[in-house]
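Open the model in your viewer and keep the selection tool ready. This tour goes from one selection to the next.

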Amino acid sequence: MQRSFYLDLAHQGLRMPIGADLVLHEKPDHQARLIDGTGLGEVIVESAQRYGTPLAFPLMDLMIEKHDLLTMLEIPAADIDAYHFDTVPARALETVRSRINAPPTPRMKAGLGALRHVAAHGQGMVPVGMTIGPFSMMTKMLADPITAIYMAGEGASAADDDDVKLVEEALELCLLVIERSLRLQIEAGAKAVCLCEPAANKVFISPNQLDSGSNVFDRLVMTPNRRIKKLLADAGCDLIFHDCGELTDAMVGAFNELDPAVLSLGSSRRLWEDARLVKPDTVLFGNLPTKRFYSDTEMPPEEAPKLAQALMSHMTRSGHAFILGSECDVLSVPGCHDTIAAKVNAMLTCRC
């Protein structure tokens, strides 16, 4: 898509949640649709239609690539969710490279089918792919990633420290599988991809180390994401970069290197202040605290429109291109569907 497409959406005042999960759970067969490409695609099209957006976002399922990787490595399916590397299995890189064209897992296959459905039936819609980012996936693969990342931040290399070696080897495995996922999604019709790096934040990466001159953020976050950006650019696919973690200004500024069409940030950030850190042709997206919409105690009903109005007002004054949206995907919570949906509707319809 031309960059002007996203800028025009912002200038037209688009508001939207990432809300496919909320719509999915309205369906009596929602569990079956997770492995049914057509059924999942129908939900994505319905979500985009309901929320009045041409951006057809899928579910934000950040476990798909982990399942794909560990399936290639023949880890039993029942063990995958809780599985962590103590060491990277011998010849793991060679194994994954040799199986890079293996059939996708059922959830990945359904996601690809959903993209094809949106491309064929979502009239005027942009099929948006979804993947976890390499750094965030790496943190899911290790039992204690923080210690190893800290050692890397102190300047240790793989030759110096076994934990740092584990980080670097796991990161490369994650990159291979994410690149496979992206190629398959692009082949299935994705015109943009939402790349989610929520772990690239102050919890996993020490701001004190960065202030002291450590290159750990560039080394472990930016370098692998530059590789992904090149893959997308070479394929003519747009980058929507999402990071809902606690960030420093320097981290936000660094994301400019990836030149995302859209930058989605969490509610810990003041987007009108971040506008000075972000390129003017990158649309800012977010960042209402939708994770709290399930509770009238955490988020009283009257607060959702007030927050939307205040954020829109701040962003108008900033002059930066902006789409009002959710800080992350709007998840269905058992027994709270109507409460969440009412606040999403208030966000979309309040006078700003």
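A helix here is a DSSP run of H or I with at least four residues, and helices are numbered from the N terminus. Keep in mind that this is a predicted model.

Is Asp274 buried or exposed? Asp274 has a relative accessible area of 1%; buried means under 20%, so Asp274 counts as buried. Leaving out residues up to four places away in sequence, show what Asp274 touches: Asp249, Val252, Leu265 and Arg269.

**Stop two: the largest nonpolar core.** This core has 103 residues. Select Phe57, Phe85, Phe135, Met138, Ile205 and Phe217, the residues with the most contacts inside it. Then select residues 162-187: this is helix 10, which supplies twelve residues, the largest share of the core. Another core, of 24 residues, lies apart from this one and includes Leu22, Val43, Tyr51 and Phe293.

Now centre the view on Ile205. Beyond its neighbours within four places in sequence, Ile205 is in contact with Phe135, Ile149, Leu210, Val216, Phe217, Val221 and Met251.

Select helix 8, residues 134-141. Why is helix 8 described as largely enclosed by the rest of the structure? The reason is that seven of its eight residues are buried. Those buried residues are Pro134, Phe135, Ser136, Met137, Met138, Thr139 and Met141. To see what covers them, show helix 5 (64-72), strand 3 (126-132), helix 9 (145-153), helix 10, strand 4 (192-196) and helix 12 (216-234), which are among the covering elements.

**Stop four: salt bridges.** Side chains of opposite charge can pair when their charged atoms come close. The whole structure has 23 salt bridges.

Begin with Arg3 and Asp281, whose side chains meet at 3.8 Å, N to O. Arg3 is in helix 1 (residues 3-11) and Asp281 is in the loop between helix 14 and strand 7 (283-288), so this pair ties together parts 278 residues apart in sequence. Arg3 is partly exposed at 21% relative accessibility, and Asp281 is partly exposed at 28%.

Next, select Glu168 and Arg219, which form a salt bridge at 2.9 Å, N to O. Glu168 belongs to helix 10 and Arg219 to helix 12, so parts 51 residues apart in sequence are tied together.

Finish with Asp218 and Arg226, a salt bridge whose closest N and O atoms are 2.4 Å apart. Asp218 is partly exposed, with a relative accessible area of 33%, and Arg226 is partly exposed at 29%.

Notes
Residues are numbered from 1 along each chain as its sequence is written. This is a predicted model: local features need pLDDT of at least 70, side-chain atom pairs count only at pLDDT 80 or more; totals for chains, interfaces and linings use all residues. Side-chain values use heavy atoms; hydrogens and water are left out. A nonpolar core is a set of buried Ala, Val, Leu, Ile, Met, Phe, Trp, Tyr and Cys residues joined through side-chain atoms within 4.5 Å. Buried means under 20% relative accessible area, exposed over 50%, partly exposed in between (1.4 Å probe, protein chains only). Helices (H or I, at least four residues) and strands (E, at least two) are DSSP runs, numbered from the N terminus. Contact means heavy atoms within 4.5 Å. A salt bridge is a side-chain nitrogen of Lys or Arg within 4 Å of a carboxyl oxygen of Asp or Glu.
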